Amino acid sequence: MVLIGTATIGCSKKEEAPQTVAPALDVVAATTKDVVGYTLFPATIQGKINNDVRAKIQGYIQEVYVHEGQVVSKGQPLFKLEANNLTETASAAKSGIAVAQANVNVAQVEVDKLIPLVQKNIISNVQLETAKANLASAKSMLAQAKANFGSANANVDYSVVRAPISGIVGQLPLKKGSLVGPADQMVLTTIADISSVYAYFSMNEKEYFQFLNEAPGASLGEKIKNLPQVELELADGSIYSEKGKIETVSGQIDAATGTVQFRVAFTNPNKLLSNGNSGTIRLPKKYTNVLVVPEVASYEQQGKINVYKVVKDTVVSTVVDVTARVDNMIIVKQGIKEGDVIVVSGVGSLKNKMAIKPKTANFDTIVNAVKPVF
């Protein structure tokens, strides 16, 4: 019997559960701050002025004087079209002017000769009027000859296609030997003035009405005028050095896309931006004196956002109403108050009513910690 009792005692000792050690976790106090959040919109970039370059006459391209991306000045030659026939036509028209001028001179001499004879009643006035009619006809033919030469000479000038504005040369789809003309659908190239550029982005109908409700001002024009400057995030993730200003809003919902288009103007002093660039417009929104906690403190459960509030070294799962997420922080509308202690590490391993050892951490250090996601 003694042996049995001893065995039973030994078995009981083995089944005793080990005591749980409360984990030491980082905590911060919920605090109020002034923060700026950004709403992001994909955008496309276009030059301030974009001019299509077309041939004004039909002809074969003899020379291409520029290359894609080249900076050109207004009036600078871009292409040379074959103009041999045009030059011959212009020369013939110029010769026609000389012939017409000679006819005018002869007719003028005849009129000058007849005037004194009529005055002395040596000849009838009919001869003088006939001579004057011949002079008028000669002058008309001279004017027509000059017009023909002007037209022919203009065509010769049109054989050199020049830049309509100063800017950057776009694509050059047509090469030497290509036949071009004024009716062609394909342009010779495009010249873009990118001293300043426009970024175009769109809002859907819901976003647009939120914008109208939140932007200060009575009319659309006042709302646009009162909007803050915006930022442009480039394709590589960097922020463009110049801030932009929203200038125009279409004001109408596009039936095909269900969106409203906005245009933002950016200066482009270093010609960094060009036609066809893409980016992201960052529309700022300032939140004044709002309650914030680090975003890493939050977790989602059954479609609701929660944080673990510390009460007497015990965590309490608390639902919070989140207004926005800004710079690795959540803006809390309700659920907690300023000064509440919130767990910011090991959140995924916690359970409600679990005991911990709080370690006070620096709020900004937690928020600014970079955690790459692969």
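## Basis

The model is predicted: local features need pLDDT of at least 70, side-chain atom pairs count only at pLDDT 80 or more, and totals for chains, interfaces and linings use all residues. Residues are numbered from 1 along each chain as its sequence is written, and side-chain values use heavy atoms, without hydrogens or water.

## Asn-268

Asn-268 sits in the loop between strand S12 (259-267) and strand S13 (278-294); strands are DSSP E runs of at least two residues, helices H or I runs of at least four, numbered from the N terminus.

A polar atom of the Asn-268 side chain lies 2.9 Å from the backbone oxygen of Ile-194. Beyond its neighbours within four places in sequence, Asn-268 is in contact (heavy atoms within 4.5 Å) with residues including Ser-195, Val-197 and Leu-273.

## Largest pocket

A pocket is an open set of points on a 1 Å grid over the protein atoms alone, where a 1.4 Å probe fits, with protein on both sides within 12 Å along at least five of seven lines; lining residues have an atom within 4 Å of a point. The largest pocket holds about 540 Å³, the space filled by probe spheres set on the points.

Its lining has 21 residues; Thr-39, Glu-214, Leu-283, Pro-284 and Lys-285 lie nearest the centre. S13 gives the largest share, five residues.

## Second largest pocket

This pocket has a volume of about 230 Å³. S6 (160-162) gives the most to its lining, three residues.

Definitions and conventions: A polar contact is a pair of N or O atoms within 3.5 Å; within protein, one must be able to donate a hydrogen and the other to accept it, and residues adjacent in sequence count only if both atoms are side-chain atoms.
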